[in-house]
Amino acid sequence: MSSVTQADPAKSAGSASPLAHRRPLGDRGFQILALASGLLVLVILVLIAVSTSQQATSWFTKAGLSGIFSTNWDTTSHFGAMAFVYGTVITSVIGIVIAVPVSVSIALLLTEVVPRRWAQPIVYVIDLLAVVPSVVWGLWGIIVFAPWVQHIYSSIASGLKGVPVLGSLFGPPTSGTSFFTAGIILAVMITPIVTSLSREVIATVPAIDKEGAYALGATRWEMIRGAVWPHSQGGVVGAVLLGLGRAMGETIAAALVIGSSATVTSHLFSTGYSMPAVIANEFPEASGEFRSALIGLGVLLFVITIVVNLVARGIVGRSARRMRGA
């Protein structure tokens, strides 16, 4: 009878020395370089926040919380930022609401519907539109688009005058340079960016996932909803965030078409102002507390952008956990 050899549980199963060897110098150097690059970005952000906050300290301390978020801005003694915060948020929301459905639809069209030989020329055009300077869009908006759209605004306002909710949003007064015009220009500017990034993300969906959905009898729309969208949702949201950051920080184009009026109103066809626009228009002549207030607007814009990104990242993370069943 052959004897059976049993392993001693107290004895080591084998040497782990190959895993314990030090990594090559190239790997360690790359790790250090990547870590240093990541930390450098954080250091730069902190330095920007600290330096701008120091420059705006006099405005923060003198105006206080109530003064900062008031609507009184007279460039002499009162520097309330609420009108500019409102204009920035409204124009960015208008731009995102218009651009995101168009961008995602184009990205899905180019990746899932149109044949590659036909989609490639469209991709080239979209990529070219993404690099058009903002001042070109602004000049086109103030010279061509604003005078043309003024008549459309007047017709819409006269038709909706007195209608609940819609009348307060799209009723008179109207102006070619307005919140809505700035939002449309921002939408035109960010659509190529969101489209390009969304298309790249959607193109990474594994073909086996889509083929599996088709094999189960799914239609094209069901395949997109069940296989493409869950895989690319996080990346598309990241593309939207990048577009939102571009919209919130856009300066020249918004300054040309928004109307330069520091008002808080529900009428989207009336003139307004945004934080980047007022900084660009009035900073060269500013001094003293006025200059501090303009720098403080930059700090507020910086904080708002960070908060929006954190909230969006939290939403994406929660959605991903829900999809995993956590």
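1. Glu 112 and Lys 210 are both buried. Buried means under 20% relative accessible area, exposed means over 50%, and partly exposed lies in between (1.4 Å probe, protein chains only). Their side chains meet in a salt bridge, at 3.4 Å from N to O. Glu 112 sits in helix α4 (residues 82-113) and Lys 210 in helix α9 (residues 207-215), so this pair ties together parts 98 residues apart in sequence. Helices here are DSSP runs (H or I, at least four residues), numbered from the N terminus.

2. The model is predicted: local features need pLDDT of at least 70, side-chain atom pairs count only at pLDDT 80 or more, and totals for chains, interfaces and linings use all residues. Residues are numbered from 1 along each chain as its sequence is written, and side-chain values use heavy atoms, with hydrogens and water left out.

3. How many salt bridges does a search of the whole structure find? The search finds 4. The term means a side-chain nitrogen of Lys or Arg within 4 Å of a carboxyl oxygen of Asp or Glu.

4. Glu 289 pairs with Lys 62 in one of these salt bridges, with the closest N and O atoms 3.0 Å apart. Glu 289 belongs to helix α13 (residues 288-324) and Lys 62 to helix α3 (residues 57-68), so the pair links parts 227 residues apart in sequence. Lys 62 is exposed, because its relative accessibility is 59%.

5. Arg 199 and Glu 200 form a salt bridge too, with their closest N and O atoms 3.1 Å apart. Is Arg 199 buried or exposed? Arg 199 has 15% relative accessibility, so it counts as buried. Glu 200, at 45%, counts as partly exposed.

Key: Helices (H or I, at least four residues) and strands (E, at least two) are DSSP runs, numbered from the N terminus.
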